[in-house]
Every structure is written in structure tokens, then in C-alpha cells.
Amino acid sequence: MTQAITTQNQGKISTVKGLKCKECGAEYEAKAIHVCEFCFGPLEVAYDYDALRRSVTRESIQAGPNSIWRYRAFLPVETENPIDVGTGMTPLVRANRLARRLGLKKLYIKNDAVNMPTLSFKDRVVSVALTRARELGFTTVSCASTGNLANSTAAIAAHAGLDCCVFIPADLEAGKILGTLIYGPTVMAVQGNYDQVNRLCCEVANTQGWGFVNINLRPYYSEGSKTLGYEVAEQLGWELPDHIVAPLASGSLFTKIYKGFQEFIKVGLVADKSVRFSGAQAEGCSPIAQAFRENRDFVQPVKPSTIAKSIAIGNPADGIYALEVARKTGGNIESVNDAEIIEGMKLLAETEGIFTETAGGTTIAVLKKLVEAGKIDPEETTVVYITGNGLKTQEAVQGYIGEPLTIEPKLDSFERALERSRTLERLDWQQVLV
Ligand SMILES: *Cc1c(COP(=O)(O)O)cnc(C)c1O
Ligand SMILES: [Zn+2]
């Protein structure tokens, strides 16, 4: 049944064996399918790890492009010329000021708020999905999105010359809608929540013959998230951290960082090590955190209500796999409320100079909560994944971050304003002291 992709390009044989059901193990060709016909389980890409072990070295990766495509051998594409818009290789920042504030010793931020081209981690998954879509012969690509995915799909489709039609919930932030429309796709703003958008898209996928990056192309799309694991390992000097904290929407990203680490161990690129995986959700949409807390092995769908719209998926496709990863690695899944999310955004900005969106605020707030609860050891080398940019969700912090001091273009006006602001600062401090 397995039909390996055996295209031989310039001496390099693709390392993809095909698709495999995560539940029953049934094998399929690497086509535009995502559900097992026998058990309805999700399909995942399977690789020939012996071939990878033989052909990939640290040096061969480092000699590759400065993008996710340096890991091409671990990604489900055949072409030597993938769609490369500079996605990936975002900074891994040593976050000393935030670490000190929280009482940690060695903290890093993986900063996908500056991922190219649309400033969220979704550019990784879309670069892979659209490269595969093109190989499979699709000319129109689509997605069901909570915002960032629509930005990425529209931008990268424009670059690749593919037709594009995206679906979003109608109530998204202005920056997410504008940041999609600018690329000229067809945008369907659906009057409903993400889970309703997704259900509609499953029907459209069956009738239009389009490549939906997160539906019929989902096995390829989700593999793109593994690069968040590879890059951290490489940027830490070919070593794995002790603990990672990442946001959960469908749960895919979380499980694929895990798969990325495991693959690097399997092919000998890094030493074996157990890494604890902790996940972050917004209280107003926390079905995975609830299941974790109640020790359930199923996820009860919820109706989302939170400012963290990019991670507001009430019925998460990979929820049970995310639970499994957190449990078997000794991690946790926590949730925080909207006020804590805003505080998390401010904390990261004020300590590290990184302006993240609500999903990042959620992750930082959960990091803080886990440290305070003793669930992250100060001695652990911890990596926090910041997955999106704050300029896209400006309305979330409007009214919570003060205002500029408006002055006349005169020196004495400036001096009076400065005195006033210093007095206010002193008052603030006095309040802290009482
Ligand atoms: C989509 C998204 C996530 C989570 O994605 P999943 O893989 O569905 O869990 C996290 N952060 C941001 C900013 C996102 O847009
Ligand atoms: Zn199956």
C-alpha cells in the first residue's frame, strides 16, 4: 500500500514514505487526504529515518538556506525549489530581564512575532502546505482561519501565483482582516465562530476541489510546525531545552514541536533527553486545559469567548494528542483569563522589547502561573514560544497601556509635562509601597 515518493532530484531521494493513520496505522499514498478510511483517525506523514540518518548532518543543514527549508529533508515535499519567502530562522532570544522578574535562571523566547512574511508562526505551516499543494496540482488554495492563517495563506499564495479564497469568523480584529485583504484574495467573513467556519470549509473542500491548507492538506501543513522544534535545537547549539511552553489552539503546533525534537534524537542530530511540554490556553476557550485538569483523556468541545481569538478553537482536532504529550513528558496545560493575557503582553513588552499578540500574552501569563505554582523549576532551561505579533491585535491593549503626553512645541510645555509624569511615577511607586 505504501507508495514512497521516489522522485530522484540531483541525487537526493525524497525521504517521505507516505501517510500513516495515527490511530490504526493504515498506510496511504502522499495525496490530498487527511482522514483514515477505516477508523476516521488523522493521517500523518511517515519518513524513512534510516535514510535521513545516513544523508543529513549538522553541516548539511547549516549549509542550507537561512529559512525553514534548511530542514527540507524532514519536510513532506519532493521539489528542490520549494516556496521560500524567508520563513523561519527567527531569533531565539535569551530573556534575562523576564527571567529575573519571574525567578528563572535560563529563559529563552523563540520569537515568531517576527516570522516572515506575515509575522506569525503560520507562515511555517503555509510555506510547506502550499509547496505541497503546487506539487499535487492545486491551482486554488484556501483555509479556515482564526486570523493568522488567512494572512499567511493569502500572502504566500500571492507570491506563488496561486488563486486564493479564505474563510474567517466575521468578528476578527481589524489588523487580521486588513492583513489578509491587502494580498487580494477572496475573503469570506462567516457569521459564526471558528468551529462553524471550519465545518463549512469541510463541505466546501468536498465540492470545490480546492487545496485547504488545514483540511485536505493538513498532514503536510502540520509538519511545518516541526521546524519550531528543529530551530530551537540548532540555535541552542544542537541541544534540547529542559522545558518548553507553547500556546494551544487545535493542539497541532504543540505536538509537532515534540515530533521535531524526537526526530532529531532519532537521526542522531541531538543527544537523547526528556523535554517537558507545557501548554497555554485562554480561559474563555480552554477545552484542553480543562481535560488536563480533570484528568480526562477526551476533550469536551466549548463555545469560545476570549480576546485571544487566534487560539480560540472550541473543538481542537489534535487536543487528545496534545494532552498525551503534556502528560507523558511531565508537563502541564494551564489557562489564564483575559486580564492576565493583557498583563502577559505588557510584561513581555516591558521586559524584553517584544510586542506579541494575545496568543503570546496567553503564553507568557501561563509561564508566570506555572513558575509561581512551582511547576517550572528555576534551574530548567526553558523556551517559550511567541507565535504572533501585537500590531495585529491592537484593540486588545487599547486603554490598558497609558497615553502619550500631548504638549505644545515649546520647551516649558515639555518641562511641565516631564515634571507631571515624574510625579505620577512617584505616586505609582508610593502605591506599590503601601
Ligand atoms: C494558530 C495559532 C496558534 C496555535 O496553533 P495550533 O497548531 O492550531 O495549536 C498559536 N498561536 C498563534 C498566534 C496562532 O495563530
Ligand atoms: Zn485508521
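Predicted model: local features only at pLDDT ≥ 70, side-chain atom pairs only at ≥ 80, totals over all residues.

Q: Is H10 largely enclosed or largely open?

A: Largely enclosed by the rest of the structure, because 13 of its 15 residues are buried. Just after H10 comes glycine 268, with a positive phi of about 80 degrees.

Q: Which residues other than glycine have a positive phi?

A: Leucine 119 is one of them, with phi near 65 degrees. Asparagine 295 is another example, at about 60 degrees. For background, most residues other than glycine have a negative phi.

Q: Where do I find those two?

A: Leucine 119 is in the loop between E7 and H4. Asparagine 295 sits in the loop between helix H11 (287–293) and helix H12 (319–328).

Q: And asparagine 295, buried or exposed?

A: Exposed, because its relative accessibility is 62% and the cut-off for exposed is over 50%. Leucine 119 has a relative accessible area of 25%, so that residue counts as partly exposed.

Q: What about the peptide bond from methionine 116 to proline 117, cis or trans?

A: That bond is cis, with omega near 5 degrees. Most peptide bonds are trans. Proline 117 lies in the loop between strand E7 (106–111) and helix H4 (122–135).

Q: New topic: which residues come nearest to ligand 1?

A: Lys122, Asn148, Ser250, Leu253 and Thr387 come nearest, out of 15 residues around the ligand. By class, that shell has seven nonpolar, six polar and two charged residues.

Q: What polar atoms of the protein lie by the oxygen and nitrogen atoms of ligand 1?

A: A polar backbone atom of glycine 251 is 3.0 Å from an oxygen atom of the ligand. A backbone N or O atom of leucine 253 lies 2.8 Å from an oxygen atom of ligand 1. On the nitrogen side, an N or O atom in the side chain of threonine 387 is 2.7 Å from a nitrogen atom of the ligand.

Q: How much of ligand 1 does the protein bury?

A: Taken alone, ligand 1 exposes 390 Å², and the protein buries 98% of that.

Q: Now tyrosine 385. Where is that residue, and what does it touch?

A: Tyrosine 385 is in strand E15, residues 381–386. Beyond its sequence neighbours, it touches residues including Lys110, Leu228, Ile244, Phe261 and Thr363. A polar atom of its side chain lies 2.9 Å from the backbone oxygen of leucine 228.

Q: Buried or exposed?

A: Tyrosine 385 is buried, because its relative accessible area is 1% and the cut-off for buried is under 20%.

Q: Last one: what's going on at asparagine 151?

A: Asparagine 151 belongs to helix H5, residues 148–160. With 1% relative accessibility, asparagine 151 counts as buried too. Its side chain reaches the backbone oxygen of glycine 179 at 3.4 Å. Leaving aside neighbours within four places in sequence, asparagine 151 is in contact with residues including Thr118, Gly179, Tyr183 and Lys392.

Note on methods:
Residues numbered from 1 in each chain as written. Chains lettered and ligands numbered in written order. Heavy atoms only, no water. Helix = DSSP H or I, 4+ residues; strand = E, 2+ residues; numbered from the N terminus. Buried < 20%, exposed > 50% of the residue type's maximum accessible area, 1.4 Å probe, protein only. Contact = heavy atoms within 4.5 Å. Polar contact = N/O pair within 3.5 Å; in protein donor to acceptor, adjacent residues only side chain to side chain. Near = heavy atom within 4 Å. Areas by Shrake-Rupley, 256 points an atom, 1.4 Å probe, with all protein chains shown as cover. Nonpolar A, V, L, I, M, F, W, Y, C, P; charged D, E, K, R; others polar.
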